[in-house]
Structures are given as C-alpha cells and as structure tokens.
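Open the model in your viewer and keep the selection tool at hand. The stops below are given in the order in which to select them.

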Amino acid sequence: MLSSASSVESFRRYSDTYYLFRHQLINGLLPGLILFFIFSRVNFRFWEKFSVWFFVLSLILLLAVFIPGIGSGHGGATKSWINVMGLFSFQPSEIVKLFLILSLSSWFSYRGEERNGDFWNGLIPFAIALGLISLLVVLQPDIGTLVVIVTIALIIYFTAGARLSHILGLLLVGLGGFGILIAQAPYRAQRLMTFLHPELDPQGIGYHINQAFLAIGSGGLFGLGFGQSRQKFAYLPEVMGDSIFAVIAEELGFFFTASLIILFLLLAWRGLKLAKIINDDYARLVVVGIISWFTFQAFLNIAAMIGLMPLTGIPLPFISYGGTALATALAATGILANISRFASSH
C-alpha cells in the first residue's frame, strides 16, 4: 500500500515512481528487521540496566532538535528531526517512545506497587519526569506525538499500581494544559471546529478531512482496485503518512480495512494475554507499554481519518511512510518476541 500511495509523490519529486518506496525499504524496513532480530535474541532484562540512560538519552534527543544545524523541521512541526551531517535524518520522538517505555517500566517495577501508589513517592516524581518530556515535545510543536507519549506513560503508571484519583488528577491537569495550547495557537482551535463541523470550510481548514471522506467513501465495500486511487493525485494531503488509511480504504474497500483493524485488535489481545501470564513485573509493564503504543496510535490515526477524532498528524504504525517510526516499531516488536519466548519457556 505504501508503494501505491507514494507513487505520485515519488514521481513528482524524483521522476521515479518507486523512489520513496525504496527509501522506506532501505532506511526503515532493513534496519528495522536487523533491530528486530537483535532485540528478539537479547534477554529483555538486559535493557533494565540502562533505564536511567534511556531517560537521559530521551531528553538529549528531544533537546538536540533545537540546536541550529542539527535540528530540522518537517510537515507541521517546526523542529522535530535531527540531521546527522547531511548524511541522514531521523525523528527522535519515535525513539523516545520506546526509551520512555523501557525507563518507566524499570523504575516502576523496581519501586513496587505500594510506593507507585503513593503521592510523594509515586505521583510527583512521575509527573515531573513526564512533564519534562512533554514540554520538549510541545516546543517542537508535535501535539499528536505528545498525546501518544502521555497516554503510553499513563497506561504504564496505572498498570504499575497508581491510584485512580492520581490518574484523574493528571488527566485534569493535562486537559487544562491542552486548553492553553489551543488558546495559544488559533489553528488548533480551527482543527477542533473542523472536527465538529467538517462541512463548514471544505476548501480551507476542512480540506484534509473532506478529501479523506471522499477517498474512504469512494472505496465502498471492495475498493477501486490496487493502485487505482484517485485521491492520491494531489488531492489528499499527507497521502503516504497519516492519510494512508484513506488510500487503503479507497483502493481495497471496507472489508480489507476492517480486516486491518481486526489485525490491530488481535495484536492488542495477544499482547494483553502475554502481560497477564508473564511472571515478571518489568516485562509486564514493557509489554503493556508497547502494545498500548501500537494500538492507541493506530486508533488515533484511523479515528481521525473517519472523523471520530480531530486530525493529529499521527502515522499508522508499520504502514505509514517514515523510516525511524518503522525501525523503532520493529525493534519494540523484537522485545515483545523475546518476552513472549521467555513466558512460553516458564
């Protein structure tokens, strides 16, 4: 589907229909498969020793995007990429998702449920750590990634034994912060209004969602056929990124997209089943974190395309264009495979 969705943009930019597809294979799939193999073979407890360093590295990576000559912008984010001497670039926020899962899982498992549920020993340190990461992501600004990171962290915190009142308190603070972000940037308020009334400005702020609706509606039950999308011809924005689900629906139809959603649900079910049977607190939190990352991000992406959520610019895991996102997701899947192997042998 990526080869089909990216073909028009590839030809327009590089006069080569498969340039971006090859780029994803070489810079995303190939390193991702190597990382998957390595991480699936390394005992998951090995990563527990580096939990503090993972958190420190997360802060360094997120700070590096603001250094002139190193940080660069892409899409809606002012600074969200790191350019390494002009040779290649990567998106640190994707790596931070995995690093944060590993560091929080280790910290919570070491402290135990009693201390995790305490206000001063659990909530306050967690809120400070999450606040630092969130602030750096907001400054990029990348609100979609912020929502994913905060959700992952809260799910891990809840699984580790947090009190429901503490979770609700953090959610209220988060909603207040989100309200401030909307007030500071008028385009965010416009996106929210577009979500509520997509028909109001179809040629302006509502253009993206309306083109997505056209793509999905055109697909019907069985689709127009592979490669036959009309919306990818300069109509649908971000066609190979966060809009790729709309192209899948247009070309392959309702039954195929429903099957794709079922695959993500099966991944979630298999992950939660693994978390339930594993007899290791650290492994359980890592599994919950990675599974919530994949499934919640997929939910955000698909829900935005069908009008159930505001557009956030979140890519569809494993499918959307983005080498860093694919390689990191495959590395995380390697860790899941190793934990699954451990669970089956005990």
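Start with helix α4 and colour its buried residues: Ser51, Phe54, Phe55, Ser58, Leu59, Leu61, Leu62 and Ala64. Buried means under 20% relative accessible area, exposed over 50%, and partly exposed in between (1.4 Å probe, protein chains only). Helices are DSSP runs (H or I, at least four residues) numbered from the N terminus. This is a predicted model, in which local features need pLDDT of at least 70 and side-chain atom pairs count only at pLDDT 80 or more, while totals for chains, interfaces and linings use all residues. Residues are numbered from 1 along each chain as its sequence is written, and side-chain values use heavy atoms, with hydrogens and water left out.

Stay on α4 and check its length. The end C-alpha atoms are 20 Å apart, in agreement with the 20 Å that its 14 residues should span at 1.5 Å a residue; the expected span is 1.5 Å times one less than the number of residues.

Next, select Phe50, in the loop between α3 (19-41) and α4 (51-64). Phe50 counts as partly exposed because its relative accessibility is 30%.

Move to Asp280, in the loop between α11 (244-277) and α12 (281-305). Is Asp280 buried or exposed? At 12% relative accessibility, Asp280 counts as buried. Show the side chains of Asp280 and Arg45, which are joined by a polar contact of 2.8 Å. A polar contact is a pair of N or O atoms within 3.5 Å; within protein, one must be able to donate a hydrogen and the other to accept it, and residues adjacent in sequence count only if both atoms are side-chain atoms. A polar atom of the Asp280 side chain also lies 3.1 Å from the backbone nitrogen of Tyr282. Leaving aside residues up to four places away in sequence, Asp280 touches Phe44 and Arg45, where contact means heavy atoms within 4.5 Å.

The remaining stops concern backbone geometry. Most residues other than glycine have a negative phi, and most peptide bonds are trans.

- Select Gln140 and Pro141: the peptide bond joining them is cis, with omega about -10°. Pro141 is in the loop between α6 (119-138) and α7 (143-159).
- Select Ser15, in the loop between α2 (7-14) and α3. Its phi is positive, about 55°, and Ser15 is exposed, with a relative accessible area of 59%.
- Select Glu238, in the loop between α10 and α11. Its phi is positive too, near 50°, and at 45% relative accessibility Glu238 counts as partly exposed.
- Finish at Gly220, which follows α10 and has a positive phi near 60°.

How values were computed
Helices (H or I, at least four residues) and strands (E, at least two) are DSSP runs, numbered from the N terminus.
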